[in-house]
Amino acid sequence: AANLRRERWLQRAGLVTLVVVLSGGLLAYAGLYQPRVFEARARTIAFAAVMLGTLAAARLLDMKFPHIPELVSAPCLIAASILCIAYPRRFAIGAMCIVTVLAATVVRNHLAFLLMLLTGVAVTVYQLDEIRTRTKVIKVGLATAAAIMLASAAGGLMEGQTLGFVLQHAVWAGACALMSAFVVSGVLPFIERIFRIATSLTLLEWRDPTRPLLQLLAREAPGTYNHSLMLGTLAEAACERIGANGLLAQVGALYHDVGKIHRAGYFTENQEGRISRHDHLAPTMSLLIILGHVKDGLELGKQYKLPPVLHQFIAEHHGTTVVRYFHQVASEKQPHLASGRHDREVSEADFRYPGPKPHAKESAVLML
């Protein structure tokens with residue numbers, strides 16, 4: 001009995017050590033290839049919750065339903081979908097390979113089971129590149145179900161199991177894959193909110209000209225609205241050429257100048273003829289109005305619940321550039337010395353946008 005207990009403790013120690021090593025590898029991989037996971041506390045917690053939740057669910061399902069090991073594939077496929085939606089596919093497939101090995105280790109299953117999990121994860125991540133329709137996740141689920149059923153059947157036959165047993169477990173594997181797709185489809189809005197992202201489906205919805213904020217922009221600042229449409233077309237084409245997200249750039253461009261709604265008449269594209277309201281204002285007052293459209297835009301974005309990923313286009317589309325025209329006007333109004341120079345240079349720092357500078361390719365293209 002003592003030897004048996006000792007053997008069990010050694011097995012548990014080996015299992016814990018292996019899990020710790022693999023978990024460390026996952027953290028190192030995330031830090032190396034997707035450091036933004038750790039840049040925000042909420043994102044870090046969400047990532048950790050997905051990983052730990054996957055392993056906990058796998059262990060729980062294995063304990064409750066030991067005769068249906070295919071159920072363990074469900075949390076793995078859900079986690080793969082979430083990572084693929086929230087992060088680049090290259091990172092998602094790498095991270096999920098480690099997670100599937102961890103899951104197979106936690107439930108102490110065999111090689112054929114691990115290969116079945118890897119097949120399902122790989123097909124899910126490969127297919128789930130862009131979500132432009134509500135049925136995309138379900139179609140991916142069907143493709144994953146077919147692949148994981150084939151992998152399950154091949155593994156069962158390889159291990160010499162009976163045909164009836166193989167077919168039964170293959171059906172379970174396919175059903176779990178399809179169920180995972182429906183779960184992901186249902187929680188997609190929450191995934192976007194937690195990871196502060198927007199899928200192509202969401203972006204297409206915000207591109208709709210009947211959106212209240214776009215209608216308000218078209219009514220109050222028609223010149224700015226047309227300007228935004230033109231910039232959206234240009235930004236989309238430029239981003240497509242450099243491999244960036246053209247749709248994101250286009251939708252971001254539609255909303256980047258919504259802050260001009262409150263004082264539309266002070267911006268050139270909304271002025272009629274050659275009459276400018278700035279002619280009777282001091283350059284510093286004009287500067288405050290111009291700079292204010294960024295802050296006003298962010299407030300409107302929050303008021304109309306604009307997706308967080310679009311806020312960067314409002315905040316960053318001028319970066320830290322100088323409001324050159326009014327800086328020049330302010331310089332020309334300084335008294336001249338006998339030499340013809342101004343007696344005091346106007347600092348460019350006083351006429352700069354507060355930033356920040358663009359952090360993404362798409363917002364950088366829009367600024368250009």
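**Rings, cores and helices in a predicted model**

Visitor: How many aromatic pairs does the structure hold?
Guide: This is a predicted model. Its rings form aromatic pairs, and the count of these pairs is eight.

Visitor: Are the rings of Y29 and Y33 stacked, edge-to-face or tilted?
Guide: The two ring centres are 5.0 Å apart, and the planes stand at 45°. Planes under 30 degrees apart count as stacked and those over 60 as edge-to-face.

Visitor: Which helix holds both Y29 and Y33?
Guide: Y29 and Y33 are four residues apart, about one turn of the helix. The helix in question covers residues 2-33 and is helix 1.

Visitor: Is Y29 buried or exposed?
Guide: The relative accessibility of Y29 is 19%. Buried means under 20%. Y29 therefore counts as buried.

Visitor: How do the rings of Y87 and F195 meet: stacked, edge-to-face or tilted?
Guide: The centres of these two rings are 5.8 Å apart, with the planes at 85°. Plane angles over 60 degrees count as edge-to-face. The pair of Y87 and F195 is therefore edge-to-face.

Visitor: How many residues apart in sequence are the parts that Y87 and F195 tie together?
Guide: Y87 lies in the loop between helix 3 (73-86) and helix 4 (89-106), while F195 belongs to helix 7 (residues 163-195). Both residues are buried. The pair ties together parts whose separation in sequence is 108 residues.

Visitor: Which residues touch the most other members of the largest nonpolar core?
Guide: This core has 56 residues. Helix 3 gives the most to this core, with ten residues. The residues that touch the most other members are F47, L83, I85, Y87, F91 and F195.

Visitor: Which residues is F47 in contact with, leaving aside its neighbours within four places in sequence?
Guide: Ring pairs link F47 into a cluster with Y29, Y33, Y87, F91 and F195. Apart from its neighbours within four places, F47 is in contact with L26, A30, V37, L83, Y87, F91 and F195.

Visitor: How many residues are in the second, separate core?
Guide: Among the members of this second core are A198, L203, Y225 and F313. The core is separate, and its number of residues is 25.

Visitor: Which residue lies over the face of W206?
Guide: The residue lies at 4.1 Å from the ring centre of W206. Elsewhere, R277 lies over the face of Y266, at 5.3 Å from the ring centre. Over W206, the residue is R211.

Visitor: How far does helix 6 reach from its first C-alpha to its last?
Guide: Helix 6 (residues 136-158) has 23 residues. At 1.5 Å a residue, the expected reach is 33 Å. The reach in the model is close to that, at 33 Å.

Visitor: What does the C-alpha trace span along its principal axes?
Guide: Buried residues make up 47% of the 368 residues in the chain. Along the principal axes, the C-alpha trace spans about 105 × 45 × 35 Å.

Terms used: Residues are numbered from 1 along each chain as its sequence is written. This is a predicted model: local features need pLDDT of at least 70, side-chain atom pairs count only at pLDDT 80 or more; totals for chains, interfaces and linings use all residues. Side-chain values use heavy atoms; hydrogens and water are left out. Rings of Phe, Tyr and Trp (its six-membered ring) pair if their centres lie within 6.5 Å; planes under 30 degrees apart count as stacked, over 60 as edge-to-face and the rest as tilted. Helices (H or I, at least four residues) and strands (E, at least two) are DSSP runs, numbered from the N terminus. Buried means under 20% relative accessible area, exposed over 50%, partly exposed in between (1.4 Å probe, protein chains only). A charge sits over a ring if NZ of Lys or CZ of Arg is within 6 Å of the ring centre and within 35 degrees of the ring normal. The expected span of a helix is 1.5 Å times one less than its number of residues. A nonpolar core is a set of buried Ala, Val, Leu, Ile, Met, Phe, Trp, Tyr and Cys residues joined through side-chain atoms within 4.5 Å. Contact means heavy atoms within 4.5 Å.
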